[in-house]
Amino acid sequence: MKRQDRLIQEKIHDPYYEGKKYAEPTVCGDCRLVYENGRWIEKDQMPENPNIQLCPACRRIKDRCPGGCLYLSGKYFKMCRQNILNLIKNTADQARGKDPTKRIMWQTSTETGLEIATTDGHLARRLGEAIYRSQKGTLDLKYGDEDRLVRVYWCREK
Ligand SMILES: [Zn+2]
């Protein structure tokens with residue numbers, strides 16, 4: 001297949017495509033978010049006889065396929081790790097409050113520091129920018145074209 005065709009195909013078949021429409025009402029079979037008026041929201045009351053599907057976040061979690069990855073490294077990061085992790089948690093909680101499909105999927109130590117995977121590329125970027133704003137250092141972004149994964153690199157040595 002030509003590259004162009006392949007990209008179009010991928011878009012059609014992208015199971016994580018965020019503009020995807022679901023029948024209403026649909027409930028996520030995992031996290032119990034409700035799809036209503038075109039968005040996934042948290043609700044105390046479940047609708048009657050809903051369709052059951054996975055929301056985009058739970059689908060990514062199940063497939064272990066993040067939308068964004070943030071990489072933290074440097075000596076300064078190692079020294080101030082707990083502060084930076086708190087900042088990440090607060091920023092992620094805020095994002096999730098606005099859109100419950102934006103979540104951190106995992107945090108894993110790497111040789112150089114820490115990898116944080118998110119369900120959403122914008123969230124990885126937002127976390128990186130929050131750290132950069134408050135802690136300085138350097139911030140780099142790379143957009144993958146094949147897998148559309150957004151990679152965000154933050155580093156501070158001293
Ligand atoms: Zn879900």
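Q: Which residue in strand 3 is the bridge partner of glutamate 36?
A: Strands are DSSP runs of E with at least two residues, numbered from the N terminus, and two strands pair if DSSP finds at least two bridges between them. In this predicted model, the bridge partner of glutamate 36 in strand 3 is arginine 39, and strand 2 and strand 3, which run antiparallel, are joined by 3 bridges.

Q: What should I bear in mind about numbering and confidence?
A: Residues are numbered from 1 along each chain as its sequence is written. Because the model is predicted, local features need pLDDT of at least 70 and side-chain atom pairs count only at pLDDT 80 or more, while totals for chains, interfaces and linings use all residues, and side-chain values use heavy atoms, with hydrogens and water left out.

Q: In what order do the strands form the sheet?
A: The open sheet has 4 strands in the order 3-2-1-4, with mixed pairing. Strand 3 (39-41) and strand 4 (51-53) stand at the edges with a single partner strand each, so one side of each is left without a neighbour in the sheet.

Q: Which residues coordinate the zinc ion?
A: Donors are N, O and S atoms within 2.8 Å of the metal (3.2 Å for Na, K and Ca), and water is not among the atoms, so sites may look incomplete. Here the zinc ion is coordinated at 2.3 Å by the SG atoms of Cys28, Cys31, Cys55 and Cys58, which follow the spacing C-x2-C-x23-C-x2-C along the chain. Cysteine 31 lies in the loop between strand 1 (26-28) and strand 2 (34-36) and cysteine 58 in helix 2 (residues 56-63), so this pair ties together parts that are 27 residues apart in sequence.
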